[in-house]
Amino acid sequence: MARFHTLRRCPLTAQFWFLGLDARHGDLTLRGFHKSPTPHGSSRYTLDGLSLHSAGLTLLLPGEPLHFNRRTQTFTRGGRTVPATEGRLHLRAALHAHEAWIAARHGPAYRESLVTLHRPPRPVVGALEPWRAYLSCAPRLIRD
């Protein structure tokens with residue numbers, strides 16, 4: 001299992017934990033993500049310009065794609081570092097769409113039930129509140 005340096009207050013720390021559970025439970029492929037093997041560990045899942053991998057993600061944007069490196073928790077675009085707030089802003093719509101789909105499929109309390117059931121590691125627990133705030137544009141989807 002790969003080890004990653006995670007920031008406790010970064011909402012993507014919690015999001016990647018949830019995405020990993022989604023992959024294991026088959027929800028990514030059910031949603032329409034195309035699964036493909038990679039030479040670097042886990043599979044890549046791609047849907048509508050969003051490509052997920054255990055090491056990070058790529059979001060196709062006009063001009064240059066946006067990359068998020070999970071190991072360093074940095075965003076880059078065209079080889080240049082992008083501020084985290086800007087990178088997360090670009091990702092919000094794609095991640096919100098995924099969370100809306102998950103809530104429609106499993107119910108609005110599903111994410112919180114995963115937290116109770118799986119007891120996530122401390123960095124994920126520390127990132128849950130920022131994750132809830134990050135996706136707060138959909139309060140009915142993410143219960144406090």
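This is a predicted model: local features need pLDDT of at least 70, side-chain atom pairs count only at pLDDT 80 or more; totals for chains, interfaces and linings use all residues.

Mentor: Residues are numbered from 1 along each chain as its sequence is written, and side-chain values use heavy atoms, with hydrogens and water left out.

Trainee: How are helix α1 and helix α5 oriented where their axes come within 6 Å?
Mentor: Helices here are DSSP runs (H or I, at least four residues; strands are E, at least two), numbered from the N terminus. Axes are lines fitted to C-alpha atoms, for helices over the stretch in contact, with angles running from 0 to 180 degrees between N-to-C directions. The axes of α1 (residues 11-25) and α5 (residues 122-134) cross at roughly 100°. Since 65 to 115 degrees counts as roughly perpendicular, that makes α1 and α5 roughly perpendicular.

Trainee: How many charged residues are in the contact of α1 with α5?
Mentor: Contact means heavy atoms within 4.5 Å, and residues making this one include Trp17 and Phe18 of α1 and Leu128 and Trp131 of α5. Asp, Glu, Lys and Arg count as charged; Ala, Val, Leu, Ile, Met, Phe, Trp, Tyr, Cys and Pro as nonpolar; the others, Gly among them, as polar. By class, the contact has eleven nonpolar residues, two polar and no charged.

Trainee: How far apart are the C-alpha atoms of Arg88 and Cys10?
Mentor: Arg88 sits in helix α3 (residues 84-106). Leaving aside neighbours within four places in sequence, Arg88 touches Cys10, Pro11, Leu12, Phe75 and Tyr134. Arg88 and Cys10 are 78 residues apart along the chain, yet their C-alpha atoms are separated by 9.7 Å.

Trainee: Which residue does the side chain of Arg111 meet in a salt bridge?
Mentor: A salt bridge is a side-chain nitrogen of Lys or Arg within 4 Å of a carboxyl oxygen of Asp or Glu, and the count comes to five. Arg111 lies in helix α4 (residues 110-118) and its partner in α1, so the pair ties together parts 89 residues apart in sequence. At 2.7 Å, N to O, the partner is Asp22.

Note on methods:
Angles under 35 degrees count as roughly parallel, over 145 as roughly antiparallel, 65 to 115 as roughly perpendicular and the rest as oblique.
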